[in-house]
Amino acid sequence: MTLIDLPLLRGEPEGPASITALLGPTNTGKTHQAITRMLEHRTGMIGLPLRLLAREVYDRVSAQVGEAAVALITGEEKRVPTRPRYWVCTVESMPVGHAVDFMAIDEIQLAAHRERGHVFTDRLLHARGERETMFLGSDTMTDIVRALVPTAQIERHPRFSRLRNLPPCELAQLPPRSAVVAFSAAQVYELAEKLRRRKGGAAVVLGALSPRTRNAQVAMYQAGEVEYMVATDAIGMGLNMDVDQVAFGSLTKFDGKVLRPLEPAELAQIAGRAGRYTKDGSFGVLAGVSPLPQSVVGQIEGHRFPAIERLVWRSSDLDFASVEALQASLKRRPSNPYLRLVERSDDADALAELALVPELRALASGPELVALLWDVCRIPDFRKLLEGSHVRLIANVFSQLARDGRLDPAWMTRRIRSLDDDEGDIEALMSRISFVRTWTYISHHGRWVSDPEHWQALTRGIEDRLSDALHDRLTQRFVDPKVRSFSREPVLPAKPGVRRERARAASERVPAADSPFRQLLNLRLADSEPEREAVDDEAAKIVEAPHEAFKIDARGQLRLAELHVATMIRGSDLLRPEIQVVLGEPFGAGAIAQVRRRMLAYARDLVNELLAPLRSDSVARLSPAGRGLVYQLEHGLGSVLRARAELQVRSLNNEDRKILAAMKLQLGALVVFLPALLEGDAVLRRAALWAAAFGRPPVLPPSGKVSVAVDEDVDPSWYHTIGYPPFGPRAIRADQAERSFSRLLQVMSAGPAPLPPELASWLGCSQADAAGVAEAMGLTRVDEQRFVFARSDRGRKSRRRGSK
């Protein structure tokens, strides 16, 4: 790769920021393209329509760049590392005031949604990346995007695969890898019960599920532990699963006001989940449901729908002078004919109810308290109960905040602890999870509560326990335990001999008797619920363990305590190793997939931590030559022979040299290197990355050893990768190679001279080896005792020999 080819991911924009609308049906790769583009920028943010999808994208992005580089923000979950480069958010939770190079909004056609649309419209009109902005959605938005964002470039994306309609079929006739869609929990449960009796079971996906429960259910389906799924329209918004056929169990939906038939575009959004990438999919209805009209079938198969003519809007310029002024600004009508005022929203309805309470209205005096009242009204009502309990809750919250500035910890403890009960049926658990989500949202307002980290950990822990219990209840109710296999592979079930071999290999990885994981790894194929729960709990411990809890060795083996979890293996290049999970047979394929994602994120974080000095913000100010040098140093894991970087080093300007000096970079005569990456832990990580790319590594140099004898049977790249480039018979740590070379220059400056006697002592080698090192560094033997530099080719010769 030449300097011209190096990606310019840092620095100032070279032209005006671009705006692109990627429009088309489902399965066109729009979200994938946006994520790819985001990661090509130094910083970026993507807004997604569902928190489940946000978590899925967060897992995907963090597996590529590490968790330390990615923030996740939804209404109920905030994971913000110290210096995130990328932000994955729900659209409502996007910190749009935070400047980023790249901005993307997914499912932009939701700007026409009756209740949520005003947020998407606001993002369409105002959210911009400093370099690039992308809007992703249906091509029904083409005309209105052109009208509202005239500078946007429209790109149409055809679907990768075809959709075809099938005649109505009985539930018992559905082929494997089918998703049945209904629009109420009662319908979902009824269909899942029937599939359990006739097909052995089904995974269940509802919009109200927590990410943890949803991921467990989807993982069960993806792993082939069940062959069917029953879901609401939650699967229509980009949740990627291997579905071959979508069968509608109903064509009507209660939208909060009336029971209405689904629009053709809504049906297409759901049907489009069938078939992924170039694999065709099919859709239809279950027997007993009215067949789809041919006109609708034609629209879905041909992806042709009426254009969206108006978007839902609400002013973002709110007036907090008084409650009346705030309500008036919320009702302000748009002047643009392509926009229409939102009919109703939960937050505005809550404000209207609280405004009727004289005591609360009196407390909301002045702009600051009116703004606080509005923030409280935006606390989401996840339970959707009709008896007014949510209004009573937020009234209490506002009253305490207005009077005392913080919520009463004792009051919060009573309310939250009452939800920490994993007994009960599916409905009871879902209700508690919904209420915990509200408290999680509250806990993320740091100014409202004392010790927000405590409350966030408390609510997260309760939600996790309830989620695990809910997954168990769903599995118990809708999956026949006789057909569920935790050892099933995603493609083909293993033959008995293969299963025995896996069991033998797993037994060799059993930790010591006092290990907390010993009992887990003694489990065989789990038939009982307690055993399954133990496996799920241990998988969750691995997934949720903090970065510092894992240890890595020079072979690239990743461990949690004594448990060998995974091994880094060859990836696309030295900096991007892949992960091979090595857990034993009790772990199902779904759990393995989650652990692999976590270990990929760990591997990316490991590389980012190792190369942090080379990835500072100051790199953006380097010239192309400076960036080229940094590129070589990254791929050398902190060091590169001067001969290989001579062109870049000679082209550095004064500003480059100042920046590189601040990074502690040493521009040596033989080696360009970072001294900090020659120390013990850094060398171990460099060795682990080499092992992932090339196989089992040689023995690392002992601690404090500055040179080792070169083994002719060892790949020379090993020595270069760990920062010990070979010079003749010895591989020498980069800083000591420079020290030795500098001493040789000093001694030989006046002409031929014997080798300095301290050279062998410095390198810990014999005098004969020291002579070999000197020759490799460019000296020529004059006689038995004296050496001299050949001035005409001194540098070239030394670097050539050092690179062998």
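Tutor: Y189 counts as buried, at 6% relative accessibility; buried means under 20% relative accessible area, exposed over 50%, partly exposed in between (1.4 Å probe, protein chains only). This is a predicted model: local features need pLDDT of at least 70, side-chain atom pairs count only at pLDDT 80 or more, and totals for chains, interfaces and linings use all residues. Residues are numbered from 1 along each chain as its sequence is written, and side-chain values use heavy atoms, with hydrogens and water left out.

Student: Which residue forms an aromatic pair with Y189?

Tutor: F478, and the pair is stacked, 5.7 Å centre to centre with 20° between the planes. Rings of Phe, Tyr and Trp (its six-membered ring) pair if their centres lie within 6.5 Å; planes under 30 degrees apart count as stacked, over 60 as edge-to-face and the rest as tilted.

Student: F478 buried or exposed?

Tutor: Buried, with a relative accessible area of 0%.

Student: What sits over the ring of Y189?

Tutor: The charged end of R477, 5.0 Å from the ring centre. The test is NZ of Lys or CZ of Arg within 6 Å of the ring centre and within 35 degrees of the ring normal.

Student: New topic: how many aromatic pairs does the structure hold?

Tutor: Seven.
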